Amino acid sequence: MSGTPARTADAATVAEVVCLGESMVTFLPSQPGRLADVPAFGRGIGGAESNVACALAAAGHRAAWVSRVGADGFGDHLVEAIAGYGVDTSGVRRDPSRPTGIYFRTATDRAADVHEVAYYRAGSAASAMSPGTIPYGTLPTTRVLHLSGITAALSADCLALLHDLTEPRPGRPLISFDVNHRPGLWRDADASPEVLLDLARRSDLVFVGEDEAEEAWGVTGAEAIRAALPEPATLVVKRGADGATVFSGAGGIPGTDDVTTVPALRVDVVAPVGAGDAFAAGFLSATLRDLPVRDRVRHGHLMAAAVLTVPGDLTAPPARAHADSLAALDDEAWGRLRLGPGWTGDDQEVRTT
C-alpha cells in the first residue's frame with residue numbers, strides 16, 4: 001500500500017483518521033518530586049491514540065476515537081473532554097462492570113530515572129477490547145486507522161483485536177502503527193519485542209524511536225531498523241535531537257526506498273511529555289493532505305514543538321497557514337528556528353538564531 005491513504009467513500013461522510021486505544025484519566029502533579037511527596041494533583045486525560053485524535057481534530061481533520069470506558073464518572077469525563085476537541089466519540093462503548101483506567105505520574109521526562117508512573121488500569125474497560133467487543137465491521141469508514149503497541153500490552157483480548165485489525169483484507173484503510181514500546185505494561189516482557197515486530201510488519205505506516213528499537217529488538221541506527229522492518233511502505237524512525245528519518249518505498253523490496261532525513265527543531269521545552277503522539281498527528285495530518293515527505297516530517301516536528309512548549313500533553317496546534325509557512329522554509333532558515341512558549345499564535349514572532 002502506498003504512503004498516501006486512498007479515499008474509500010464520500011469524503012464528506014467518513015472519518016479521515018480513526019484512532020483506537022485506551023485513554024485514562026491522568027492525575028498530574030502540582031509540583032516536581034516523588035509521588036510520595038506531591039501534595040496535590042490536577043486532573044487531565046491521557047492516551048496515546050486519543051492524543052493523536054485530539055491533535056488531528058484541533059488541526060481541522062475529521063478524527064474519531066474508538067475505545068471502551070467504564071460506566072462511571074471518569075468515563076464521562078474522558079468522553080466529554082475528548083469530544084471537546086472535536087473528536088467523534090460515537091464509537092466509544094460503556095462497560096457497566098469494568099472501571100475506567102486512571103494513572104498518576106511525576107512531572108519529569110518519561111526517560112528520566114526519577115520518573116514515576118502509577119497505573120490503575122488492570123481489569124479496565126479498555127482491557128476488554130477484543131474482536132468480539134469491537135468487530136472490524138463496526139469501525140467508522142476511514143482513510144487511516146491509527147493503532148499503537150500500548151493496546152497490545154493490555155490483555156490477550158486486546159492483542160487479538162490488533163491482530164484482527166491489521167489482517168490484510170480488501171478495502172483495508174492505511175494502518176498507522178506507533179510501536180510505543182512500554183516494557184512496564186507487559187505481563188510477559190520477553191514476548192513484547194516479537195509481538196511488536198509482528199504488528200509493525202503488518203502495518204503500512206510505522207513510527208518507532210531509535211531508542212525503543214534498540215531496547216526492544218537490539219538494532220541500532222535507522223538503516224538497521226529498516227532492515228528489521230522491510231514490509232511497511234513508510235517507516236518513520238524518530239531520532240530524538242537528531243530529527244527523523246523516513247524510508248518510503250514499495251515495502252518489502254530492498255533498495256527501492258527513498259530516504260528523507262529532517263533535522264529536529266530547537267525548542268525551549270516546558271514539559272517533555274506528549275511529543276511522540278503530537279509528532280504522529282502532525283505527520284498524519286500532512287499525509288492526509290498529500291504533502292511531500294519532507295513536509296510531513298516538518299509538520300510532525302512542529303506539532304511536537306507545540307506540545308513541548310506547554311505544561312500538558314495536549315494543546316491547540318499552530319494554525320495551518322502558520323505551520324505551512326514554517327514547513328516551507330529552506331533548509332538554512334529551518335535550521336535557525338527556535339521555538340518557545342507562545343510560538344503557535346499567529347501574532348507571535350518565531351525566533352531564529
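Buried residues are those under 20% relative accessible area, exposed ones are over 50%, and partly exposed ones lie in between (1.4 Å probe, protein chains only). Helices (H or I, at least four residues) are DSSP runs numbered from the N terminus. By these criteria, 10 of the 11 residues of helix 1 are buried, so this helix is largely enclosed by the rest of the structure. Among the buried residues of helix 1 are Glu-49, Ser-50, Asn-51 and Cys-54. Just after helix 1, Gly-60 takes a positive phi of about 100°.

The model is predicted: local features need pLDDT of at least 70, side-chain atom pairs count only at pLDDT 80 or more, and totals for chains, interfaces and linings use all residues. Residues are numbered from 1 along each chain as its sequence is written, and side-chain values use heavy atoms, with hydrogens and water left out.

Nonpolar cores were defined as sets of buried Ala, Val, Leu, Ile, Met, Phe, Trp, Tyr and Cys residues joined through side-chain atoms within 4.5 Å. The largest has 55 residues, of which Phe-207, Leu-265 and Leu-302 touch the most other members. Helix 9 (residues 293-308) gives the most to this core, with 8 residues. A second, separate core of 44 residues includes Ile-134, Ile-150, Val-195 and Trp-217. Contact means heavy atoms within 4.5 Å. Leaving aside neighbours within four places in sequence, Leu-302 is in contact with Leu-265, Ala-323, Leu-326, Ala-327, Trp-334, Leu-339 and Trp-343.

His-299 also lies in helix 9. His-299 is buried, with a relative accessible area of 9%. Beyond four places in sequence, its contacts include Gly-282, Arg-289, Ala-323 and Asp-324. The side chains of His-299 and Asp-324 make a polar contact (3.1 Å). Such a contact is a pair of N or O atoms within 3.5 Å; within protein, one must be able to donate a hydrogen and the other to accept it, and residues adjacent in sequence count only if both atoms are side-chain atoms.

A search of the whole structure finds 1 cavity of 30 Å³ or more. On a 1 Å grid over the protein atoms alone, a cavity is a set of points where a 1.4 Å probe fits but cannot get out; lining residues have an atom within 4 Å of a point. Grid points are joined across faces, edges and corners, and volume is the space filled by probe spheres set on the points. The largest cavity holds about 70 Å³. Helix 9 gives the most to its lining, with 3 residues. Lining residues include Asn-51, Asp-277, Met-303 and Pro-317.

How values were computed:
Helix = DSSP H or I, 4+ residues; strand = E, 2+ residues; numbered from the N terminus. 1 Å grid on protein atoms, 1.4 Å probe; cavity = no way out; pocket = protein on both sides within 12 Å on 5 of 7 lines; lining within 4 Å.
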